[in-house]
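Please work through the exercises below with the sequence and the model at hand. Each task is followed by a solution in steps.

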Amino acid sequence: MNLRLQATANSEFEFLCTLATTNLSPELRLRIANWNFSSLDWPKFISQAEHHGILPLAAHNLLEIDSATPTARLPSEIAGELQLAYDANLRRNLWFASEMLRIQQHFESKQLRAIPYKGPVLAQTAYSDLALRSFSDLDFLISSADFIRAKQALDEIGYHPSCEMTPAVERFWLRKNNERMFDGAAGKYLVELQWAILPHFYAVDSAHDRHRNDRRANDLAVENLIARARRTTVADYEVPSLSAEDNLLVLCLHAAKHLWMRLIWLTDIAETLRSEAPAINQAQVLARASALGIVRILGVNFWLIKNLLREEIPTWAEETIASDQSVPTLGQELAKRLAASATYNFESTEYFRRILKLRERPTDQAKYLWRLLSTPGQSDLAAVTLPESMFSLYRVVRLARLLKKVLLKTDD
């Protein structure tokens, strides 16, 4: 059964799923070459490809296969548009890669430990080509203890916080959230410093957060991610990068956090499973996922990769899907929304309910609900100005604003 067609009658989306791979087998090349191009709404296809972050990869695959076909079938104006999009992405990515190296080198000159991840590093490790993965910012993982020094280092080379915070609010933000964005001369939101993989309220805790004196190695605390880091070459320069196991878990969590709104996040995982297969220790992946209570999240990712992208997945990933009967149901719901290019309001009750369903342990669900109700977000901090000695009252502000939202049935 073609689950892509079961999920949607959207021919453009099915074609996009077919193109969302670097693994162009002879059979897949023939399938793409023989696609009924006249049935496609090309403007819709390009719009969907851009929304899903697949445009450079789809353009590369289409142009390569069409050029190898004896009689070119791709409309010339579409071929031109795809080539322009591919070239523009390559230029942008080369700039981002050079900036990533400049920032990383500056961090290292200050003895700051940081890991660049996603962005150019992911394009290189998973796709083996900077041109095939689109991205719009640079992410660096750092220890929260190093945040102030890292912020100062960024300031020295022209990057400044995207939103101003008082020192007191910033200290609070470091405890309760996980990231800050920075603007540069080339635009806004170009650099992101992260001291945790997810905000506090998601309740995907590192082991030492649950047991203060236990810093076991099977968690995703940034300090441990840094300790397990390896080296990767990007543009002839070696940079630290996440271990194969940590990288896979982080990509799965990132896709789940955004409820799989974009196809590129599944492609990232599929390409990582293929390109990193010899390096991934499946026992470590599953042990860390079990300790964190995110096995279901892994299962949903693997289900979507198998059924939407039609990618082969390893036996242990198949077993992860089979271990939880909720996975196929969740996968089918998410596949329909993904095919429809549906988005979410990340402050809506719908979003919070769907995230709750992704947690397999009742204790984690309860922890998530409590933290969701009691952990202030940026909008809560902006709604009321309190002195630092009264910051604990932001929990009350949070509860009051959520109650108002429920009573008024709004998702603003």
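The model is predicted, so local features need pLDDT of at least 70 and side-chain atom pairs count only at pLDDT 80 or more, while totals for chains, interfaces and linings use all residues. Residues are numbered from 1 along each chain as its sequence is written, and side-chain values use heavy atoms, with hydrogens and water left out.

**Exercise 1. Salt bridges**

Task: State how many salt bridges the structure holds, and describe the one formed by Arg 310.

Solution. 

Step 1. A salt bridge is a side-chain nitrogen of Lys or Arg within 4 Å of a carboxyl oxygen of Asp or Glu. The structure holds 30 of them.

Step 2. The partner of Arg 310 is Glu 14, with the closest N and O atoms 3.8 Å apart. This pair links distant parts of the chain, 296 residues apart: Glu 14 belongs to helix H2 (residues 11-19), and Arg 310 to the loop between helix H15 (295-307) and helix H16 (315-322). Helices are DSSP runs (H or I, at least four residues), numbered from the N terminus.

Step 3. Accessibility is classed as buried (under 20% relative accessible area), exposed (over 50%) or partly exposed (in between), with a 1.4 Å probe and protein chains only. Glu 14 is buried at 9%, whereas Arg 310 is partly exposed at 40%.

Step 4. The backbone of Arg 310 also deserves a note: its phi is positive, about 55 degrees, although the residue is not a glycine.

**Exercise 2. Further charged pairs**

Task: Determine whether Arg 398 and Asp 380 are buried or exposed, and name the elements in which they lie.

Solution. 

Step 1. The side chains of Arg 398 and Asp 380 form a salt bridge, at 3.1 Å from N to O. Arg 398 lies in helix H21 (residues 394-408) and Asp 380 in helix H20 (residues 378-383), so the bridge ties together parts 18 residues apart in sequence.

Step 2. Arg 398 and Asp 380 are both buried.

Step 3. Arg 359 and Asp 364 also meet in a salt bridge, at 3.4 Å from N to O, and both of these residues are buried.

Step 4. A network of salt bridges links Glu 333, Arg 337, Glu 350 and Arg 354.

**Exercise 3. Aromatic rings**

Task: Classify the pair formed by the rings of Trp 42 and Phe 45.

Solution. 

Step 1. Rings of Phe, Tyr and Trp (its six-membered ring) pair if their centres lie within 6.5 Å; planes under 30 degrees apart count as stacked, over 60 as edge-to-face and the rest as tilted. The count by this rule is 20 aromatic pairs.

Step 2. For Trp 42 and Phe 45 the ring centres are 5.5 Å apart and the planes stand at 80 degrees, so the pair is edge-to-face.

Step 3. Both residues are in helix H4 (residues 42-51), where a spacing of three residues separates Trp 42 and Phe 45 by about one helical turn. Trp 42 and Phe 45 are both buried.

Step 4. One aromatic cluster consists of Phe 201, Tyr 202, Tyr 344, Phe 346, Tyr 351, Phe 352 and Tyr 368.

**Exercise 4. Helix packing**

Task: Describe how H2 packs with helix H5 (residues 55-68), and how helix H13 (residues 263-275) crosses H15.

Solution. 

Step 1. Axes are lines fitted to C-alpha atoms, for helices over the stretch in contact, and angles run from 0 to 180 degrees between N-to-C directions. The axes of H2 and H5 are 9 Å apart, at an angle of about 80 degrees. H2 is therefore roughly perpendicular to H5, a class that covers 65 to 115 degrees.

Step 2. Contact means heavy atoms within 4.5 Å. From H2, Phe 15, Leu 16 and Leu 19 meet Leu 57, Ala 58, Asn 61 and Leu 62 of H5.

Step 3. The axes of H13 and H15 come within 10 Å and cross at roughly 90 degrees, which makes H13 roughly perpendicular to H15. Here Leu 266, Ile 269, Ala 270 and Leu 273 of H13 are in contact with Asn 301, Phe 302, Leu 304 and Ile 305 of H15.

**Exercise 5. The surroundings of Asn 89**

Task: Identify which residues Asn 89 is in contact with, leaving aside its neighbours within four places in sequence.

Solution. 

Step 1. Asn 89 is located in helix H6 (residues 76-109) and is buried, at 1% relative accessibility.

Step 2. With those neighbours left aside, Asn 89 is in contact with Pro 56, Leu 130, Ala 131, Arg 133 and Ser 134.

Note on methods:
Helices (H or I, at least four residues) and strands (E, at least two) are DSSP runs, numbered from the N terminus. Angles under 35 degrees count as roughly parallel, over 145 as roughly antiparallel, 65 to 115 as roughly perpendicular and the rest as oblique.
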